[in-house]
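Here are my notes on the backbone of this one, for you to check against the model. Have a look at the loops as you go.

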Amino acid sequence: MVTLGSLWLAILLATILVWIAAALIWMVLPHHRTDYKRLPDEEAARSVLGAQNLAPGDYDIPHCTSSKDMQQPETKRKFKQGPVAFITVLPNRPPPMGRNMVLTVAFYLTVSTIVAYVVSRALEPGADYLLVFRLTSTIAWLAYGFAVIPDAIWFGRPWSSIAKALADALVYALLTAGVFGWLWPS
């Protein structure tokens, strides 16, 4: 039986490699620079939203609290007239990069630990590299990527952004799988 303790180095190394890969993907590669668009009149939108004094959180326009609200003539008019939007409001400050990096590392560490747990239950010591790689990469890809798909289905996030997120997740999964295959106990 493979224990989590015997996989501690693989867990840590996968976490570090995924963190480095994510940093390079987001800071060096250009493909995410088109994920968000500039508003035609950003200052007017800032003025209108600023006057609302919104607390941090998620908002929708038009707002409906039930399926019954969706059937109201006024609500149907608002949907037809537009805009239809989901808005996430953050605190009025630059993003806390240090805190966010620590939380990101904690996320990657959690994923690596869960991947290690599942694979350690499924495979024996001395399992073939390719078998470890295939199982680990599949689990890691699911963990890193597939939760974003409902964002396109329900919240209008562009499928191109989802495709990029899934591609990024595949890179993270392949790195994770490579480390686990390499360091799998004999």
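1. N53 sits in the loop between helix 2 (42–51) and strand 1. Helices (H or I, at least four residues) and strands (E, at least two) are DSSP runs here, numbered from the N terminus. The phi of N53 is near 50 degrees, a positive value in a residue other than glycine. Most residues other than glycine have a negative phi, and most peptide bonds are trans. N53 is also exposed, at a relative accessible area of 68%; the cut-offs are under 20% for buried, over 50% for exposed and in between for partly exposed (1.4 Å probe, protein chains only).

2. A word on the basis: this is a predicted model, where local features need pLDDT of at least 70, side-chain atom pairs count only at pLDDT 80 or more, and totals for chains, interfaces and linings use all residues. Residues are numbered from 1 along each chain as its sequence is written, and side-chain values use heavy atoms, with hydrogens and water left out.

3. Check the peptide bond from I61 to P62, please: it is cis, with omega near -10 degrees. P62 belongs to the loop between strand 1 (57–61) and helix 3 (67–70).

4. The bond from G82 to P83 is cis too, with omega near -5 degrees. You'll find P83 in the loop that runs between helix 4 (73–81) and strand 2 (85–89).

5. Lastly, L29 lies in the loop between helix 1 (8–27) and helix 2. L29 is partly exposed, with a relative accessible area of 39%. How far apart are the C-alpha atoms of L29 and R134? They are separated by 27 Å, with the two residues 105 residues apart along the chain.
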